[in-house]
Every structure is written in structure tokens, then in C-alpha cells.
Amino acid sequence: MRNIKIIDDITKDGQVTFGDGYAFVDDTAEADAILMRSTDLHGYDLPASIRAIARCGAGVNNIPIDDYAKRGVVVFNSPGANANAVKEIVLCMMVLSSRGVVQSMDWVRQNADDPDILTHAEHVKKAFVGRELKGKRVGVIGLGNVGSKVANACVYLGMDVYGYDPFISVEHAWELSRDVQRVGTLEDLCRGCDYLTLHVPSKADTVGMIGTDQLALLAPGAVLINFARETIVDEDAVDAALHEGRLSWFATDFATPKTVLMPNTFITTHSGAGTEEAEANCADMAISELKDYLENGNIAHSVNYPSCSMGKARAASRIACLHANVPNMIGQITAILAKDNANVQRMVNESAGENAYTMFDTDEHLESSTIDALKRISSMYRVRVIK
Ligand SMILES: NC(=O)C1=CN([C@@H]2O[C@H](COP(=O)(O)OP(=O)(O)OC[C@H]3O[C@@H](n4cnc5c(N)ncnc54)[C@H](O)[C@@H]3O)[C@@H](O)[C@H]2O)C=CC1
Ligand SMILES: O=C(O)C(=O)COP(=O)(O)O
């Protein structure tokens, strides 16, 4: 039996199914793996029993992934599984900030007891006249799963679309409409934008990337949309731009002590991924990643270890070694196996940044002294006997 600790509400109805051979536990120290969403694990006392964590969602700034890698804990996310949900709410924010929808609905509610409301509505409606998205310039920062979908949707809406992503993947470049114009600098992207929408992860080079200088380049009365992370924008700069009218609206998914006090804001409760479909997609992807890792040692969509697959564990034994990406690890591993006279059927070694993963099948079970010797290799973080 493998034990799973669930942190956060994974789905609205609480349904999470791993199938036979799995149990849910309350005590993390009894768990083999964690399934989670946005809880901040920095400072969390992670028990040694945990071998893997799957984040249902994209952003992993709430998880100390480098530290966990060095403890032999593989962290997964579910790339793209909630991207459509975010795309749709971003488009919604573009419309809300352009058409006086909310203000007009507020007026109707406030005048609900007016028997002549139909006539009076005709008189006030000019106060809610807005502008169309068609023909307006939009800048999209980050052209990954969410950003590429937002950019393409904006093309279909007839907008003049510009994108900035120095690290765009080949896959997302292929997905991008040819009408999305790619620019090489953040400044060129911001210049003259009527709408600016952010879709980058929170990391060292993106924290505070939208500040006074970038906002000054936008078209007068531009709209800023932040459904990425609160850290990406300099909140004081946004506040000043709203007060001075340089920004007409700020739509954000992050209710911080500062954003809630700003004028002309649409603020949601970190609800970008809040659809039944996105929750189900993320849970399905995260659960299958965890199961394949726990049962077979295979890694897909990890954010701190390389992808690696040897299919189902069918040989007598399968061993996985999580270690630093340094020279002579394979040499040391095979030397220890040779001492045990173990016959390796198949072996795979993959690396990603500072971390590497070596997995092999053998014809017979290894002696426990052999496993202990593998664990004693310097720079070895964890050795798993999967079978
Ligand atoms: N509000 C919400 O509920 C949600 C928020 N998010 C946030 O949006 C972010 C993006 O999500 P996805 O598109 O799914 O991630 P992704 O990983 O598919 O795309 C991120 C893109 O940002 C690009 N990028 C990285 N550093 C950059 C930089 N300095 N300048 C420009 N581009 C840069 C990457 O090359 C990549 O193409 C997540 O990391 C998360 O923080 C994602 C999903 C839901
Ligand atoms: O996927 C992401 O990065 C998100 O921000 C979604 O967060 P959530 O899973 O809704 O808490």
C-alpha cells in the first residue's frame, strides 16, 4: 500500500482517486508522496518518508524545489492543465476593463426599485460606453502554456498582438499564431500597449519586472492584467500609475494588502485556474505522474529532475538513484553492481541542471549490502528500490 498526503482542496467536490494500492493519510510522516496546490511549503517540515510531490497546477514558487531535489524528492507540476481556464478569465478581464460591464450592472442593482428603470437605463448608458478590443495593441509577456493561448485568442479577436519570451519552447513557438509579433526586449513590448498581460513564473528575473519604467511606456489609459503572480509587478508603481490615470484599470488575481486599496481594480481570489475542468485536468495529470514515479520510477513533468522513462517495471528488480549531476556517478554505481555480480538488463541516466537520475533493471534482486553501498556514494541523494 502506498500512502498519499493531500494538502489543499484539489477539486471542488473533494474527489481525488488514485485507485487500488493507495491510501490517503493525515500524518505526512506516514506518506510516500504529497498531492497539493498552492500552500507555501517554504519552512515546512518535510518528513523523510516523502519521495515525491505533485503540484496540481503550473507555478512552483511555493515549493523549495532545489532544496527538495537535494533531499531526493522529485517535484512535479501539471503544465498546461489549467491554461485554458486562465486564458478565459484573462479575456474576461480585458472585456470587463473595456466595457463598463461591472459598473453598469452595479447601477442596475442600485436602482432595482425604480419602476421606470428601463427608461432611465437608456439615459445613463452613455456613462458606461467603452472601447472594443479589436484593433488594440496587446503585449503578452511569457509565451508558455497560458501566454501562447492568450496571444492566439487575442489574434482571433482582431487585436494587434505582440509577445515577449526570450526562453520560449519550440513546442510553444509552433503553437503560436504567425500573427503574433515577437519582440526582443521588454521595453519594445511595453511601448504603446493598450493592454499588457503577464504570464511568466515568479523567479529571480521576473520579480518586479513591471515597474515605473515599463508602465511609462504603455499607451495612456492602458490596462494591466496580472494573473501570473503578485511578485511580478511593483505594486507601488502600479498604484501610482492608477492614481495618475496612466493605467485605466488593473486586473489581478492576487488580493494583497496593497492591491485591495488601489483604485480601478478588478481583483479575484487567485481564481485563474478555478474551473471544474482545470481542477480535473490538473488532478489527473498530477496523479498519473505520482503513480508512474512511485510504481515504476519514471519521471515526467518534474521541475527539479530530468524526464526519464523505462516503461513498466517488469524485471526482477528496478533501482532508481537520485544524485548530483557530477562526473563518475555512473562509474561508481556500475562498480558497486559489478562487485555484487549483478547483471544490468537496462540502464538510463538523465540530467537536468545540477541534478541527475540513474535508473536500472537487474535480473536478480540486489543484496541489501549493495543498496547500502550505493547509498554511501558521495553526492547520492537517495536510492529507491522500486521493485
Ligand atoms: N492565476 C492562476 O490561477 C494561475 C497562474 N499561473 C501563473 O502563470 C505562470 C505561467 O503559467 P504557464 O504559462 O502555465 O507556464 P509555462 O511554464 O508554460 O510558461 C511560462 C513562460 O514564461 C517564459 N518566461 C520565463 N522567464 C521569462 C522572462 N524573464 N521573460 C519572459 N518570459 C519568460 C517561459 O519561457 C515560458 O514560456 C505560472 O508560473 C504561474 O505563476 C498559472 C496558472 C494558473
Ligand atoms: O497553476 C498555478 O500556477 C496557479 O496559480 C493555480 O493555483 P491553484 O492551484 O488554483 O491554487
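This is a predicted model: local features need pLDDT of at least 70, side-chain atom pairs count only at pLDDT 80 or more; totals for chains, interfaces and linings use all residues.
Trainee: What makes the rings of Trp 249 and Phe 266 a stacked pair?

Mentor: A pair of aromatic rings is described by the distance of the centres and the angle of the planes. The centres of Trp 249 and Phe 266 are 4.4 Å apart, and rings pair if their centres lie within 6.5 Å. Their planes stand at 10°, and planes under 30 degrees apart count as stacked. The pair is therefore stacked.

Trainee: Where in the chain do these two residues, Trp 249 and Phe 266, lie?

Mentor: Trp 249 belongs to strand β11 (residues 247–252), while Phe 266 belongs to strand β12 (residues 265–267). They are 17 residues apart, and the pair links distant parts of the chain. Both Trp 249 and Phe 266 are buried.

Trainee: Why is the pair of Tyr 293 and Tyr 357 called tilted?

Mentor: The centres of Tyr 293 and Tyr 357 are 6.4 Å apart, and the limit for a pair is 6.5 Å. The angle between their planes is 40°. Planes under 30 degrees apart count as stacked, over 60 as edge-to-face and the rest as tilted. The pair of Tyr 293 and Tyr 357 is accordingly tilted. This pair also links distant parts of the chain: Tyr 293 is in helix α10 (residues 276–296) and Tyr 357 is in strand β15 (residues 355–362), 64 residues apart.

Trainee: How do you know whether Tyr 293 is buried or exposed?

Mentor: The relative accessible area of Tyr 293 is 0%. Buried means under 20%, so Tyr 293 is buried. Tyr 357 likewise has a relative accessible area of 0%, and therefore is buried.

Trainee: Which residues form an aromatic cluster?

Mentor: Phe 76, Tyr 293, Tyr 305 and Tyr 357 form one aromatic cluster. The count for the model comes to 6 aromatic pairs.

Trainee: Let us turn to the ligands. What makes the approach of Asp 165 to ligand 1 a polar contact?

Mentor: A polar side-chain atom of Asp 165 lies 2.6 Å from an oxygen atom of ligand 1. A polar contact is a pair of N or O atoms within 3.5 Å, so the approach of Asp 165 qualifies. Backbone atoms take part as well: a backbone N or O atom of Gly 144 lies 3.4 Å from an oxygen atom of ligand 1.

Trainee: Why is His 270 called partly exposed?

Mentor: The relative accessible area of His 270 is 39%. Buried means under 20% and exposed over 50%, with partly exposed in between. His 270 is therefore partly exposed. His 270 is placed in the loop between β12 and α10.

Trainee: What makes the phi of His 270 worth a remark?

Mentor: Most residues other than glycine have a negative phi. The phi of His 270 is near 50°, a positive value in a residue other than glycine. His 301 also has a positive phi, of about 65°, although it is not a glycine. His 301 is found in the loop between α10 and β13 (317–324). With a relative accessibility of 37%, His 301 counts as partly exposed.

Note on methods. Residues are numbered from 1 along each chain as its sequence is written. Chains are lettered from A and ligands numbered from 1 in the order in which they are written. Side-chain values use heavy atoms; hydrogens and water are left out. A polar contact is a pair of N or O atoms within 3.5 Å; within protein, one must be able to donate a hydrogen and the other to accept it, and residues adjacent in sequence count only if both atoms are side-chain atoms. Helices (H or I, at least four residues) and strands (E, at least two) are DSSP runs, numbered from the N terminus. Buried means under 20% relative accessible area, exposed over 50%, partly exposed in between (1.4 Å probe, protein chains only).
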